[in-house]
Amino acid sequence: MPDKGQEAVRALLRRSPTPDLFLRFLAEATRWENVQVHGIERQNAKPGAPLDYSRYLGLRRQGSQFGGFAYVYAEHSSINLRLNHTGNNTPNG
């Protein structure tokens with residue numbers, strides 16, 4: 001994780017129910033090929049504004065057409081996967 005986001009994430013981890021598990025997940029995920037942790041660009045941010053690390057982080061695989069694949073919340077030690085889906089690919093549909 002970039003240095004500029006570390007203090008914000010440490011503050012969130014102090015309120016986390018399972019900070020060790022969260023850090024283990026980040027350590028494992030960032031060992032995967034080309035995966036990096038990033039802050040989030042806020043919707044109304046001005047061009048050149050710094051990334052935000054105060055709520056959640058994005059995991060991205062560099063070079064992937066899918067971009068970010070998970071959002072991780074240090075304060076709650078939770079992970080939301082982002083799965084792209086287009087069209088109707090359901091078995092019955």
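Me: Which residues make the nonpolar surface patch of about 340 Å²?

Reply: Ile79, Leu81 and Leu83 make that patch. A patch takes residues with over 30% relative accessible area and no salt bridge, joining like charges within 9 Å and nonpolar side chains (Val, Leu, Ile, Met, Phe, Trp, Tyr) within 5 Å. A salt bridge here is a side-chain nitrogen of Lys or Arg within 4 Å of a carboxyl oxygen of Asp or Glu. Accessible areas come from the Shrake-Rupley method with a 1.4 Å probe, and for residues only the protein chains shown count as cover.

Me: Before we go on, what kind of model is this, and how are residues numbered?

Reply: This is a predicted model, in which local features need pLDDT of at least 70, side-chain atom pairs count only at pLDDT 80 or more, and totals for chains, interfaces and linings use all residues. Residues are numbered from 1 along each chain as its sequence is written, and side-chain values use heavy atoms, with hydrogens and water left out.

Me: What average pLDDT does the protein have?

Reply: pLDDT is the predictor's confidence in each residue, from 0 to 100. For this protein the average is 85, and 85% of the residues score at least 70. Confidence is highest in helix α2 (residues 19-29), at 93, and lowest in strand β3 (residues 68-73), at a mean of 86.

Me: How many helices and strands does the protein have, and in what order do they run?

Reply: Helices (H or I, at least four residues) and strands (E, at least two) are DSSP runs, numbered from the N terminus. In this protein there are two helices and four strands.

Me: Where does Ser16 lie, and which residue does its side chain join in a polar contact?

Reply: A polar contact is a pair of N or O atoms within 3.5 Å; within protein, one must be able to donate a hydrogen and the other to accept it, and residues adjacent in sequence count only if both atoms are side-chain atoms. Ser16 lies in the loop between α1 and α2, and a polar contact of 2.4 Å joins its side chain to that of Ser77. Ser16 counts as buried because its relative accessibility is 11%.

Me: Which residues is Ser16 in contact with, leaving aside neighbours within four places in sequence?

Reply: Contact means heavy atoms within 4.5 Å. For Ser16, the partners are Ala74, Glu75 and Ser77. Pro19 and His76 are 57 residues apart in sequence, yet 8.7 Å apart in space, C-alpha to C-alpha. For the protein, 43% of contacts between residues at least 6 apart in sequence join residues at least 24 apart.

Me: What is the phi of Ser77 near, and where is Ser77 placed?

Reply: Its phi is near 50°, a positive value in a residue other than glycine. Ser77 sits in the loop between β3 and β4. Asn34 has a positive phi too, of about 65°, although it is not a glycine. Look for Asn34 in the loop between α2 and β1.

Me: Why does Asp52 count as buried, and what does it touch?

Reply: Asp52 counts as buried because its relative accessibility is 18%. Not counting residues up to four places away in sequence, Asp52 touches Gly39, Ile40 and Arg42. Its loop runs between β1 (35-38) and β2 (57-61). A polar contact of 2.6 Å joins the side chains of Asp52 and Ser54.

Me: Which residues is Gln36 in contact with, beyond its neighbours within four places in sequence?

Reply: Gly58, Leu59, Arg60 and Gln62 are the contacts of Gln36, a residue placed in strand β1. Gln36 has 38% relative accessibility, so it counts as partly exposed.

Terms used. Buried < 20%, exposed > 50% of the residue type's maximum accessible area, 1.4 Å probe, protein only.
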